[in-house]
Amino acid sequence: MSALGHDEQAQMAEFFGRLIRKIEDIESDHDIVGLSEQEIESVRTAHGVAALPAYYKEFLRRMGKSAGALWVGTDAFYPELLEVRSWIVEILAENGVSQLMGEDAVAIATHQGYQAYWLES
């Protein structure tokens, strides 16, 4: 996973800044809480990958524990996130499509036990 240049980092920061403002505009009863670098490292370790994609790492840094009203009811946040990969492996196996997710994929969420989301590098 390649490092982002200065312009790409600025675009990423702007994107997440806008996203957080939109979430807060919709509903402000839930906090937006990010992860520490140590918690982000535990996510990377749980997925067994060399590095997390830059945008996903920034998502975790800014809203990895809670994203306000975004994804309420979806297992996409820490600490459940540490188990998401095993849940997705189980979902795919139950449906006979284990080959869909690569070994280096980063599992990012499950929803209601039947939807699975992951990133491929």
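**Conventions.** I number residues from 1 along each chain as its sequence is written, and side-chain values use heavy atoms, with hydrogens and water left out. In this predicted model, local features need pLDDT of at least 70 and side-chain atom pairs count only at pLDDT 80 or more, while totals for chains, interfaces and linings use all residues.

**Strand β4.** I located A109 in β4, residues 106-111 (strands are DSSP E runs of at least two residues, numbered from the N terminus). I looked up its burial: A109 counts as buried because its relative accessibility is 1% (buried is under 20% relative accessible area, exposed over 50%, partly exposed in between, with a 1.4 Å probe and protein chains only). Six of the six residues of β4 are buried.

**Pairing.** I found β4 antiparallel to β3 (residues 74-75) through two bridges and antiparallel to β5 (residues 115-119) through five (strands pair if DSSP finds at least two bridges between them). T74 has H111 as its bridge partner, and A109 has Y117. In the β4-β5 hairpin, with three residues between the strands, Q112 takes a positive phi near 55°.

**Aromatic rings.** I searched the whole structure and noted seven aromatic pairs (Phe, Tyr and six-membered Trp rings with centres within 6.5 Å; planes under 30 degrees apart are stacked, over 60 edge-to-face, the rest tilted). W71 and F77 form a tilted pair, 6.3 Å centre to centre with 55° between the planes. W71 is partly exposed at 36% relative accessibility, whereas F77 is buried at 10%.

Technical notes:
Helix = DSSP H or I, 4+ residues; strand = E, 2+ residues; numbered from the N terminus.
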